[in-house]
Amino acid sequence: LMMNSHIDRDVLGLTEEQAVEWQKKTEREWLLWAEDVNCDAARMCNFYEFQALALISTLMSGDCFVALPFIKRPQCAYDLRLNLIESDRICNPFDVNSVANLNVVEGVEVGQYGEPVAYYVAKHHPYSLHRGADFKQEWKRVPAFGAKSGRRNMLHLMSDIERPGQRRGVPLLAPVIESLKQLGRYTDAELVAAVVSGYFTVFVVASSDFPT
């Protein structure tokens with residue numbers, strides 16, 4: 001997605017020249033932030049590369065999350081950062097008592113009307129294999145909106161919603177995962193059979209002069 005500023009100058013009471021100048025200035029300010037890797041909290045991607053990564057993650061996992069923290073950095077005009085969070089890290093805490101009295105669905109705490117209230121983010125990936133002796137999984141509760149400002153703290157990128165009350169997305173390949181697994185097993189079996197049939201078999205017959 002590329003920014004194309006086009007404001008309603010009649011509502012704002014601007015002349016055509018003023019509107020064009022405002023739009024050009026705004027687009028320059030946007031590019032100052034979007035084309036720099038500092039817009040990414042991890043300093044890995046600019047905004048457009050970040051979009052591509054978020055889209056791939058959403059299609060593969062069904063959804064993904066983007067935190068919107070403010071992080072001050074030298075020589076950066078704006079403090080807004082984007083922090084992409086993998087889908088698996090949004091999950092219910094292992095300690096059931098911590099969310100026993102809350103309506104938490106797959107790491108998403110919902111309110112009276114089903115609206116998102118907060119998200120539970122695991123510090124480490126739940127299926128991480130690189131765990132030391134002092135490993136301790138922790139969760140952080142991130143409110144969906146700021147208590148005072150009402151600003152959104154987390155974006156939930158999700159594929160098409162298929163039913164009311166659905167809180168998490170469905171991976172793009174979910175309907176064919178079982179078929180792909182069976183196809184993989186069939187391919188492996190055919191390869192093994194081809195290798196076995198290509199073996200050169202040798203029979204060793206013992207002479208009658210030697211005891212058996």
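## Basis of the model

Contact, as the word is used in this report, means heavy atoms within 4.5 Å. The structure is a predicted model, in which local features need pLDDT of at least 70 and side-chain atom pairs count only at pLDDT 80 or more, whereas totals for chains, interfaces and linings use all residues. Residues are numbered from 1 along each chain as its sequence is written, and side-chain values use heavy atoms, with hydrogens and water left out.

## Overall architecture

The chain contains four helices and seven strands, where helices (H or I, at least four residues) and strands (E, at least two) are DSSP runs numbered from the N terminus. Followed along the sequence, these elements give the pattern α-α-α-β-β-β-β-β-β-β-α. The chain is more spread out than a compact globule, because its radius of gyration is 28 Å, well over the 17 Å that the globule rule gives for 212 residues. That radius is taken over C-alpha atoms, and the rule is 2.2 Å times the number of residues to the power 0.38. Taken along the principal axes, the box filled by the C-alpha atoms is roughly 110 × 50 × 40 Å.

Among contacts in the chain with a separation of 6 or more, 47% are made by residues 24 or more positions apart.

## Surface and charge

Of the 212 residues in the chain, 26% are buried; buried means under 20% relative accessible area, exposed means over 50%, and partly exposed lies in between (1.4 Å probe, protein chains only). The accessible surface comes to about 15,700 Å², with 59% of it belonging to carbon and sulfur atoms; such areas come from the Shrake-Rupley method with a 1.4 Å probe, and for residues only the protein chains shown count as cover.

The chain carries 22 positive and 27 negative side chains, and the centres of these two sets are 8 Å apart. In this count Lys and Arg are positive and Asp and Glu negative, while His and the chain ends are not counted; the place of a charge is NZ of Lys, CZ of Arg, CG of Asp or CD of Glu.

## The loop between α2 and α3

Asn 46 sits in the loop between α2 (16–34) and α3 (47–61), and with a relative accessible area of 16% this residue is buried. A polar atom of the Asn 46 side chain lies 3.1 Å from the backbone nitrogen of Tyr 48, and the Asn 46 side chain also reaches the backbone nitrogen of Glu 49 at 2.9 Å. Leaving out residues up to four places away in sequence, Asn 46 touches Ala 34, Glu 35, Asp 36, Val 37 and Cys 39.

Glu 49 itself belongs to helix α3 and is partly exposed, with a relative accessible area of 42%. Its C-alpha atom is separated by 32 Å from that of Phe 135, a residue 86 positions away along the chain. Arg 43 is also found in the loop between α2 and α3; it is partly exposed at 44% relative accessibility, and it has a positive phi of about 55° although it is not a glycine.

Arg 141 lies in strand β6 (residues 139–143) and is partly exposed, with a relative accessible area of 40%. When neighbours within four places in sequence are set aside, Arg 141 is in contact with Glu 109, Val 117, Ala 118, Tyr 119 and Tyr 120. With Glu 109 there is a polar contact between the two side chains at 3.0 Å, a polar contact being a pair of N or O atoms within 3.5 Å; within protein, one atom must be able to donate a hydrogen and the other to accept it, and residues adjacent in sequence count only if both atoms are side-chain atoms. The C-alpha atoms of Arg 141 and Ile 90 are separated by 10.0 Å, although the two residues are 51 residues apart along the chain.

## Loops on either side of β2

Gln 75 lies in the loop between β1 (63–67) and β2 and is exposed, with a relative accessible area of 85%. Its phi is near 60°, a positive value in a residue other than glycine.

Asn 103 is found in the loop between β2 (83–85) and β3 (104–105), where it is partly exposed with a relative accessible area of 43%. Apart from neighbours within four places in sequence, Asn 103 is in contact with Val 108, Glu 109 and Val 110. Asn 103 and Val 117 are 14 residues apart in sequence, and their C-alpha atoms are 9.7 Å apart in space.
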